[in-house]
Amino acid sequence: MDEFKRRLVTLHHCKGISWKTIYQLLKLDPQLNTLFEDKIIPPTQAPIKEKLLEDLHSSSIQEQIHHYHLNNIHMITFFDDEYPQALKETYEPPWVLYGKGKIELLQREVKLAVVGSRQATDYGKNAIDTIFPKLIEKNVLFVSGLATGIDTIAHQKAIDLGGETIAVIAGGFYHIYPKTNKDLALHMMRHQLVISEYPPNTTPSRWQFPMRNRIISGMSRGTFIVEAKQKSGSLITANYAVHEGREVFALPGSIFSENSIGTNELIQQGSKLVFKAEDIIEELFYSC
């Protein structure tokens, strides 16, 4: 690891450091050469200056980083070649991504985010069973959030069909949530890819889940909402996709199904209705 990368990752571990604080520090010193000196801290950050300098000079962060190498945890900064180009083009992209598994999957060009209700129905599962095979034939990679329900079904179906998938998690690798998906996560860390914008020892907090949705949609060419209630985290992902100019696909459902209210409203607002895999393929491959 070169010194600039080590300095940026170290800074990323410091408590109370926001995206904007790192941005300010990089503007003042693009190589972070004076990171460990008092003078680099902007006046606006004076309240956190003492704690920041304490963390920067702490040996515990360096010990953590050393253990990442031993545990095959990759640290990909915004400035590394491995960082997904599509994610770089989004609003406030993560400065550091932590990844475990096949890092080369980040460079796959055609990624499709697939998200949906945590209370998935047979209808949603059957739709994935029907639509995924032809997408995998086209070498589409699936990105989801390792949540229960549709996310889990999407990851597992991709694996079962010999496809490839990336899980974006809230919190860090040492605190997989939900615990019921720990085995799936461990399998993906060996054979697929799991990533997070949080250091591995970070305990997931409620606010991190909607934040990780921006990564799911941001690194993907399009987002497919399979099932969603009227107020659903999946709609947050769709909203991120819209604001980043990405395609949004929605599975239509019964007007009597609570799980289809969100997707039907997305279609009403202009998202593409999906009957079959070709409805997604023609947008991902032939509208570029």
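The lining of the largest pocket takes at least three residues from domain 1 (3-71) and at least three from domain 2 (103-286). The model is a predicted one, and in it this largest pocket has a volume of about 700 Å³.

## Lining of the largest pocket

In total, 27 residues line the largest pocket, and those that lie nearest its centre are H12, C14, I17, Y198 and P199. Among the helices, α1 (3-13), α2 (19-28), α4 (59-70) and α9 (208-218) each contribute at least two residues to the lining of the largest pocket.

When the lining of the largest pocket is sorted by class, 11 residues are nonpolar and 11 are polar, while five are charged.

## The second largest pocket

The second largest pocket holds about 400 Å³ of space. It is lined by 22 residues, of which R118, R212, S232, G233 and S234 are the closest to its centre.

Helices α9 and α10 (233-243) each provide at least two residues of the lining of the second largest pocket, and α9 gives the most, with five residues. By class, the lining of the second largest pocket is made up of seven nonpolar, nine polar and six charged residues.

## Helix α9 in both linings

Which helix gives the most to the lining of the second largest pocket? That helix is α9, with five residues, and α9 (208-218) also supplies at least two residues of the lining of the largest pocket.

Conventions:
Residues numbered from 1 in each chain as written. Predicted model: local features only at pLDDT ≥ 70, side-chain atom pairs only at ≥ 80, totals over all residues. Heavy atoms only, no water. 1 Å grid on protein atoms, 1.4 Å probe; cavity = no way out; pocket = protein on both sides within 12 Å on 5 of 7 lines; lining within 4 Å. Points joined across faces, edges and corners; volume = space filled by probe spheres on them. Helix = DSSP H or I, 4+ residues; strand = E, 2+ residues; numbered from the N terminus. Nonpolar A, V, L, I, M, F, W, Y, C, P; charged D, E, K, R; others polar. Domains from an automatic or database assignment.
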